Amino acid sequence: MTVIQLLVNSLTLGAIYALVALGLVLVFKSSDLVNFGAGDWVLAGAYIALALLTAGLPLYLVLILAPLGGALMGLVIDRAVFRRIMSASPWTFVVASLAVGGLLRELAVLRYQSNHFPFPPVLSRDPVEVLGVRITPQNLWVLGATVVVVAALLLFFRYTTYGRALEAVAQNRVGAQIVGINLSRALMVTWALAGAVSAVAAVLIAPSTDVSPEIGLLLVKGFVAAALGGLDSLEGAVMGGVAVAAIETFTQVYLNQAAVDVVVYGLLLVVMWVRPAGLLGRRVVRRV
């Protein structure tokens, strides 16, 4: 297998990791908090899509309604849990995010057990050859959808009033409130977006992994990707996802499967040592 083919193979896996990382970055970029239950939000999005599919809805409608269901889930969780602890310590939020993730996971297991449910791909999985490189139309769909999601989020944060308001809340909540930003509404938008992005990630991931509780384990690699690229950088999430996938692919081919996680986590530690904010993260200078 050529180096170019390995890189192409890494892109789809990287897009999956990047989508999970985006859910983490989106929350951190908007609130300066880390959602440790983000993997279970993706899991919940997958089961929302599965429920819509088993209800008899066509796939194209599932792809539209699942992100809306994810956004609604985010609004409900914000209203029921996170808004009530908005003024609490960050550690309270850590515990709450873990509890919410665990609840979502256990509700899914209660309803569907630990079974694996196949999810139909949007396009064919039969590979086609382009310039000597083999890739499936389904993988191209995943890559294209990821590019659209990232571009939409970049435009939202850079060119909309709400996007800039969310970044202001993350940097200084008191200052944001002083200039008239509604903190509750800003965080509500954050959680709705996080839910929608998680559901998009789920419907893109599910054809490759099936719908099962194991989807939630993607949080680990998504967190590595986000930390590698920078927890406050959307571009960093994408770069981190592709980098982690490429490292895994090349390590598996040229070393062995057992060495994959050793190399990935070792590289992450090196990056954290050299640049704690991540490769594209914003450096924070503290005056003493």
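Let us begin with a loop: proline 213 is found between H8 and H9. Helices here are DSSP runs of H or I with at least four residues, strands are runs of E with at least two, and both are numbered from the N terminus. The model is a predicted one, in which local features need pLDDT of at least 70 and side-chain atom pairs count only at pLDDT 80 or more, while totals for chains, interfaces and linings use all residues. Residues are numbered from 1 along each chain as its sequence is written, and side-chain values use heavy atoms, with hydrogens and water left out.

**Exercise 1. Is proline 213 buried or exposed, and which residues is it in contact with beyond its sequence neighbours?**

Step 1. Take the cut-offs: buried means under 20% relative accessible area, exposed over 50%, and partly exposed in between (1.4 Å probe, protein chains only).

Step 2. Proline 213 has a relative accessible area of 15%, so this residue is buried.

Step 3. Contact means heavy atoms within 4.5 Å. Leaving aside neighbours within four places in sequence, proline 213 is in contact with Leu43, Tyr47, Val109, Gln113, Ser114 and Asn115.

Step 4. For a C-alpha check, pick alanine 108: it is 105 residues from proline 213 in sequence, yet 7.5 Å away in space.

**Exercise 2. Which residues touch the most other members of the largest nonpolar core?**

Step 1. A nonpolar core is a set of buried Ala, Val, Leu, Ile, Met, Phe, Trp, Tyr and Cys residues joined through side-chain atoms within 4.5 Å.

Step 2. The largest one holds 81 residues, and Leu22, Trp41, Phe82 and Phe119 touch the most other members. Helix H8 (residues 183-209) gives the largest share of this core, 14 residues.

Step 3. Zoom in on leucine 22: apart from neighbours within four places in sequence, its contacts are Val149, Val150, Leu153, Val197, Leu234 and Ala237.

Step 4. There is also a second, separate core of six residues, including Val8, Ile135, Val142 and Leu143.

**Exercise 3. How are H1 and H9 placed relative to each other?**

Step 1. Axes are lines fitted to C-alpha atoms, for helices over the stretch in contact, with angles from 0 to 180 degrees between N-to-C directions.

Step 2. The axes of H1 (residues 3-31) and H9 (residues 218-229) come within 8 Å and cross at roughly 75°.

Step 3. Angles under 35 degrees count as roughly parallel, over 145 as roughly antiparallel, 65 to 115 as roughly perpendicular and the rest as oblique. H1 and H9 are therefore roughly perpendicular.

Step 4. Among the residues making the contact are Ile16, Tyr17 and Val20 of H1 and Leu218, Lys221 and Phe223 of H9.

**Exercise 4. How many helices and strands does the chain have, and what percentage of its residues count as buried?**

Step 1. The chain has 11 helices and two strands.

Step 2. Of its 288 residues, 50% count as buried.
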